[in-house]
Amino acid sequence: VRNAIEFNSIPGVIEAIPGGRKEMLIEVKLGIPPIPEGSDGGGPPQPMRVDPLQVAKVFPYGRLLPIERVVGGLSFSTGRLVPELGDSDDMAICVAACVSIGYNDGTKSSKTVYSTKDGF
């Protein structure tokens with residue numbers, strides 16, 4: 001997620017949001033590789049687990065909507081294993097992140113909003 005927001009113009013867009021940073025809503029959708037076959041108990045593919053609190057820490061301001069997780073992204077063999085870094089296999093995981101910002105225009109919304117103050 002950090003890479004998705006690192007080189008954008010969120011600071012410039014904040015001026016167009018009524019209420020500024022305090023009222024900015026952040027919506028995050030993550031395309032995450034599926035849980036490997038055989039470890040999910042069957043059924044439709046489910047995305048690997050991602051800690052939403054770690055994702056929330058990336059945003060220094062605004063109010064975070066619930067993070068949407070879908071199957072996507074990419075996982076592949078790197079051919080390298082570095083046990084000193086905690087590797088248990090040679091798999092690399094890439095997650096695609098879509099980050100949208102906006103504001104509440106006063107119409108009723110069914111979405112829950114979380115504060116990103118102090119990274120949560």
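Predicted model: local features only at pLDDT ≥ 70, side-chain atom pairs only at ≥ 80, totals over all residues.
## Ground rules

Local features need pLDDT of at least 70 and side-chain atom pairs count only at pLDDT 80 or more, while totals for chains, interfaces and linings use all residues. Numbering runs from 1 along each chain as its sequence is written, and side-chain values use heavy atoms, with hydrogens and water left out.

Nonpolar side chains tend to be buried together in soluble globular proteins. Buried means under 20% relative accessible area, exposed over 50%, and partly exposed in between, with a 1.4 Å probe and protein chains only.

Helices (H or I, at least four residues) and strands (E, at least two) are DSSP runs, numbered from the N terminus.

## Salt bridges

There are 2 salt bridges (a Lys or Arg side-chain nitrogen within 4 Å of an Asp or Glu carboxyl oxygen) in the structure. Arg63 pairs with Glu23, closest N and O atoms 3.2 Å apart. That links strand β2 (residues 63-64) to the loop between α2 (10-14) and β1, 40 residues apart.

Glu68 pairs with Lys29 at 4.0 Å between the closest N and O atoms. Glu68 sits in strand β3 (residues 68-71) and Lys29 in β1, so this pair ties together parts 39 residues apart in sequence.

## Cysteines

A search of the whole structure turns up 0 disulfides (cysteine sulfur pairs within 2.5 Å). Cys94 is partly exposed at 33% relative accessibility, and Cys98 is partly exposed at 42%.
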